[in-house]
Amino acid sequence: MREREREKEQQEWPRRRVLQAGAAIAAHMLVQPASAQEAGALAPVIAEFASGQTVRPGRVKLEIAPLVDNGNVVPMRVTVESPMSAADHVREIAVFNEKNPQRDVARFTLSPRSGRADVSTRIRLATSQKLVALARMNDGSVWSDSVDVIVVLAACIEPPESS
């Protein structure tokens, strides 16, 4: 009796492995092209903001909920590690998205007199997407952070009005 159970268990094991591997491959195929498409959608606006500078990760912290129930009003905060002195300060903070009709979410101009590189606002999100926050420092360097946000109830779904 035990031998039959062992044989059955040994037959089940490879089938489970095949199913797990198939599911993993399918998930990879579905997610991978989307990631490549997303990166391509933001690349031109990031390059334009960076003006030829290398965009480095770090110093910037984009705070936004990773799961949003309603895309109509989404609180967002961006902070940048900087002493905000005359020698080292943030000049500009920009937030971009990949799927809203307008790629520019927000832009903020700062100076040493700002005291802190800490801005917050509420935004609208058309659908689940990636947001990127960029900070241009007074030395010209550009720093970034990004967050993937899942939106349950979308906003901004109407196409922009043509002039």
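Modeller: Arg136 counts as buried because its relative accessibility is 19%, and the cut-off for that word is under 20%; please keep in mind that this is a predicted model. The side chain of Arg136 meets that of Glu92 in a salt bridge, with 3.6 Å from N to O, and this pair joins distant parts of the chain, since Arg136 lies in strand 8 (residues 129-137) and Glu92 in strand 5, 44 residues apart. Glu92 is likewise classed as buried, at 17% relative accessibility.

Glu92 also forms a salt bridge with Arg107, where the closest N and O atoms are 3.2 Å apart. Here again distant parts of the chain are linked, with Arg107 in strand 6 (residues 104-109) and Glu92 in strand 5 (residues 90-97), 15 residues apart. Arg107, however, has 42% relative accessibility and therefore counts as partly exposed. Together with Asp104, the residues Glu92, Arg107 and Arg136 are linked in a network of salt bridges.

Another pair is formed by Arg77 and Glu63, whose closest N and O atoms are 3.9 Å apart; Arg77 belongs to strand 4 (residues 74-80) and Glu63 to strand 2 (residues 60-64), 14 residues apart, so that this pair too links distant parts of the chain. Arg77, at 32% relative accessibility, counts as partly exposed, and Glu63, at 30%, is also partly exposed. For the whole structure, the search finds 6 salt bridges.

Methods. Residues numbered from 1 in each chain as written. Predicted model: local features only at pLDDT ≥ 70, side-chain atom pairs only at ≥ 80, totals over all residues. Heavy atoms only, no water. Salt bridge = Lys/Arg side-chain N within 4 Å of Asp/Glu carboxyl O. Helix = DSSP H or I, 4+ residues; strand = E, 2+ residues; numbered from the N terminus. Buried < 20%, exposed > 50% of the residue type's maximum accessible area, 1.4 Å probe, protein only.
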